[in-house]
Structures are given as structure tokens and as C-alpha cells.
Amino acid sequence: MDRLPLKVALVREVFTGGDASGTLELRLARAKEQGAELAVLPELPYNVWSPATTRLRSSDAESPGGRREEMQNLAAGKTGMALLGGVIQQVDNRRFNRAILSDSSGRTVARYDKVHLPDEEGFREPCHYEPGRNPPSVIELMGARFGIQICSDANRLAGSQYLAAQGVQVILAPPCEQPGQLAQMVPCIPSHGLDLCAWVISVGRPKAEFGVPIGGPALVVDPMGRAVAESKDPLIIVTLDVALADAARQEYPGYLAWPADLYADGWAAWATGHR
């Protein structure tokens, strides 16, 4: 039996104040009332944008299962919605920009660490966390196959292509961008959808922080490379026919093979020569 269309809430808001937990639950409840089953938040939605400076603060990070992750899981469980958020997590004295996917019962079902870290004015990310070392995996949830990328990961397609080779249907790729970067990223996303034969969902942080002109839109692209939604509203609801991803793989360029062994050998040789 085919899965019914999936309603996704794109929540263009961050939750960092003393009322963060209550506000998050209210936003999810509103999305739930409109039929959404999954909510997607911006990059690091429970943190202020600390990479605006090189200053490292212990309060920005937490251990796995810490208060921010617990807040997300509680909100997901209370509202009965799956939820993609993210935190800076510290494991064995190593920090990562980690996306976290919770299911509708309030359980963490996936974690993914950002691989590609910008290092420029307003985005001093290597000062705050290090690149992830694990490739992304497809997550089966609500009858669909999801993958996660974070911000600039989407500008280096290897991870997304790896997800596509695994049959991903929906790629969740929340960014934090400023206008110059957006001018480069936004035109790329439709080609990603077409190349990967997948829905691509991007939700930007809503406003400037610490003098960094952040403020990207929420954007949804279908598996044919068509932008079906783009908005700077705090909340939009989009209906996804996830089966379109499978249909796109029957057409050009979707039916082209992924010669994994060829590329694996090539990348291995390249990596050896660049150590």
C-alpha cells in the first residue's frame, strides 16, 4: 500500500530564551493542528549563533541526551510530531554540530554531524566544533526514507549523493546563511533535487545575530528540481508526495547507475595522496 502524502512544517524560528521549551511546544502544536506530521527547524535552533565570533563557551555545548536534546524530545512526544532540530554536542572532549531527529513518541532516532565547516567572518565554525567523521545514513520513519545534511554540506554533494544511492526520498538540510551565501546556495538546491531524485527541505534561521546578517528563507524542492515553496514566514506547511522520488528514479537522470566501487576506489586513492 502506498504511503499517504506527508505534511511537513517548516518552522523558521529559533528557541533560545527562558521560555524556549513552552514556545517550541506551542509552535509544534500549531503545526499539528494544520495536519503536519514532521517539523523541520533551522540549523542549531536551540543555540544563539555562537560562530559569529571565535569565542568558545562551555554553555553552548552539551553531552548526548543533554537539556536541549531532552527539550526537543519532550516537545515531540507531547505534540505527537516527529522533529528535526540540532545542538552542539560534546563527546570525549570533541564538539560537533549535530542534527537530531526525534520521532513522534519523543525518542531520538537519528543523529548526524555536520561535515563541511565554513571559516569566515560571522561563521567561525571550526572554533566551536569539528567536522563529522561519519557518512550520512537513510532513516526509515513514517513510511518514508529520510536523510540529513546541514547547511554547507549541501554545497559539497558527495554526502547527498551517498544518500541518493541508498534510495533516500527526502533530504532535510537546514542552513544558516547570509545574503551573499544565499545567492549561491538557493540556485543550487533545485539542481540537487533533480540530480538526487529526492525532495530537499531547507529552513533558514530567521534574523541577524551579533551583527551577522543571517536570514534565509524556508525552501522546498521536489524530485524533479521544481521549487514548490519558498517563504520567510515563521511557519509554512508543505505536502510531500514521497513516491515522486521513486518515480523520478525511473526517468533521466534518475535511472543512471551509482558505480559505488569505481568512485570508492578513486576517492580512496585521492585521500591517500592528500594525507
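This is a predicted model: local features need pLDDT of at least 70, side-chain atom pairs count only at pLDDT 80 or more; totals for chains, interfaces and linings use all residues.
# Briefing: fold, pocket and local geometry

Residues are numbered from 1 along each chain as its sequence is written, and side-chain values use heavy atoms, with hydrogens and water left out.

**Overall fold**

- Along the principal axes, the C-alpha atoms of the protein chain fill a box of roughly 50 × 50 × 35 Å.
- The secondary structure comes to 6 helices and 15 strands, where helices (H or I, at least four residues) and strands (E, at least two) are DSSP runs numbered from the N terminus.
- Buried residues make up 52% of the 275 residues; buried means under 20% relative accessible area, exposed means over 50%, and partly exposed lies in between (1.4 Å probe, protein chains only).
- Of the contacts with a separation of 6 or more, 70% are between residues 24 or more positions apart, a contact being heavy atoms within 4.5 Å.

**Largest pocket**

- The largest pocket holds about 1,200 Å³ of space.
- Its lining has 32 residues, and the closest to the pocket centre are Pro135, Ala158, Gly159, Tyr162 and Trp267.
- Two or more lining residues come from each of helix H3 (158-165), helix H4 (179-196) and helix H6 (260-273).
- H3 gives the most to this lining, with 6 residues.
- By residue class, the lining divides into 20 nonpolar, 7 polar and 5 charged; Ala, Val, Leu, Ile, Met, Phe, Trp, Tyr, Cys and Pro count as nonpolar, Asp, Glu, Lys and Arg as charged, and the others, Gly among them, as polar.
- On a 1 Å grid over the protein atoms alone, a pocket is an open set of points where a 1.4 Å probe fits, with protein on both sides within 12 Å along at least five of seven lines, and lining residues have an atom within 4 Å of a point.
- Grid points are joined across faces, edges and corners, and the volume is the space filled by probe spheres set on the points.

**Helix H1**

- Helix H1 (residues 20-33) has 14 residues and reaches 20 Å from its first C-alpha to its last, close to the 20 Å expected at 1.5 Å a residue; the expected span is 1.5 Å times one less than the number of residues.
- Its buried residues are Ala20, Thr23, Leu24, Glu25, Leu28 and Ala31.
- The cover over these buried residues includes strand S1 (6-11), strand S2 (38-40), helix H2 (67-79), strand S4 (82-91) and strand S15 (235-240).
- Ser21 also lies in H1, and counts as partly exposed because its relative accessibility is 31%.
- Ser21 and Pro42 are 21 residues apart along the chain, with their C-alpha atoms separated by 16 Å.
- After H1 comes Gly35, with a positive phi near 95 degrees.

**Asp60 and Ser50**

- Asp60 is in the loop between S2 and strand S3 (61-62), and Ser50 is in the loop between S2 and S3.
- Asp60 counts as buried because its relative accessible area is 3%; Ser50 is buried at 6%.
- Leaving out residues up to four places away in sequence, Asp60 touches Asn47, Ser50, Arg68, Ile88 and Arg95.
- Asp60 and Ile171 are 111 residues apart in sequence and 26 Å apart in space, C-alpha to C-alpha.

**Backbone exceptions**

- Most residues other than glycine have a negative phi, and most peptide bonds are trans.
- Asn93 has a positive phi, near 65 degrees, and is found in the loop between S4 and strand S5 (94-102).
- Asn93 is exposed, with a relative accessible area of 72%.
- Phe210 has a positive phi, near 55 degrees, and lies in the loop between strand S12 (199-203) and strand S13 (218-221).
- At 57% relative accessibility, Phe210 is also exposed.
- Tyr252 and Pro253 are joined by a cis peptide bond with omega of about 5 degrees, and Pro253 lies in the loop between helix H5 (243-248) and H6.
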